[in-house]
Amino acid sequence: MKRRARPLVVSVGNLTLGGNSKTPFTLFLASRLRMRGLRVAIVSRGWGRAPSAERATLVCDGERLLAAPDEAGDEAVMMAKSFAGPIAVARRRIDGIELIEGRLGPLDAVVLDDAFQHVRLRRDVDLLLMNTARGVGNGWLLPAGPMREPLLAARRADAVIAIGETRAEGAAEAIPSAIAEHPRLLRAALRPRALVSPAGAAARWSETSLSLMGRRVVAVSGLADARDFYRMLREMDIDLVGVLEYPDHHVYTAADWHSIVAAGRGGAAFITTEKDLVKLERFPFERDSLYALRLEVVMDLDDEIRLVEMIVAERAHPHDAVSGDRDPQAKEALGKHGR
């Protein structure tokens, strides 16, 4: 039986592994709901946290960072560095919601990061993200392909958000018809917003200009797919002299730090991702040498209004079941192939 949380529950997720901008979109959506006056929290699984970690961990109370990456996972700490609301991690998302409300009081809404497959918790709005450049790869389920679920599962989504570059005329897209024909298809893009630099493990990062004009730069990343990261760096006015790639969610060691510093000899700066910066900022890099590229989601104003109004309306008139319950075929497909 599915559990129901008291606040409005919005799930953000995808059908394929990695590279769909779930975390930036989660931050975008939570911030937009806060702008509407709602008391909003983010809850995620906390991928990469220590197996011995508590069942649920409060990462941030909206003001103070309360957990380290090994306790909460790198993405949750990264979100806490920029989001002005509470964040918790828990394998069972209901535990995270109950932890926040037990310590900080009732919530109006909760955004679940990477939870399209977490069907044990009943949600009010299911959002499915799709990378317009990558699509669904070969369309096969894991481990033969990148799919967590078959395309039929898209029927559970209340809206699909196609995330890609600017909608230039003739731009190639790899959106399958099952997604492109969804009755509520919205568009978004991901773009660089600023650079952030280390500010101490418990402090929020401050933004600085994107300009590193003329500087030699070494890119450092631990991503499942770094292509978009490199594309954005190439569009900046920098001299990219080296690239260091590590596995997704990599835990950096002192030996890694020495390798990175060696790659930047001669005064090069280092640009990484925000989720890597939470693990790299503990090392003694030279002052003004380590930065992370902060990304932001942008939507056409009409699509953004449609999305937020849909969620606010659902809060006023919640339905009694998740989208999958309203579609027997999608529910059957989830039972056969879901995770």
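Here are a few questions and answers on how the labels for this predicted model come about.

In this predicted model, local features need pLDDT of at least 70 and side-chain atom pairs count only at pLDDT 80 or more, while totals for chains, interfaces and linings use all residues. Residues are numbered from 1 along each chain as its sequence is written, and side-chain values use heavy atoms, leaving out hydrogens and water.

Q: Why is Leu142 called partly exposed?
A: Buried means under 20% relative accessible area, exposed over 50%, and partly exposed in between (1.4 Å probe, protein chains only). Leu142 has 32% relative accessibility, so it counts as partly exposed.

Q: Where does Leu142 lie, between which strands?
A: Leu142 is in the loop between β8 (125-131) and β9 (159-164). Strands (E, at least two residues) and helices (H or I, at least four) are DSSP runs, numbered from the N terminus. The C-alpha atom of Leu142 is separated by 9.0 Å from that of Leu17, 125 residues apart along the chain.

Q: Which residues of α4 are buried?
A: They are Arg93, Ile94, Asp95, Gly96, Ile97, Leu99, Ile100 and Glu101. Just after α4, Gly105 has a positive phi of about 100 degrees.

Q: How many of the 339 residues in the protein chain are buried, as a percentage?
A: Buried residues make up 54% of them.
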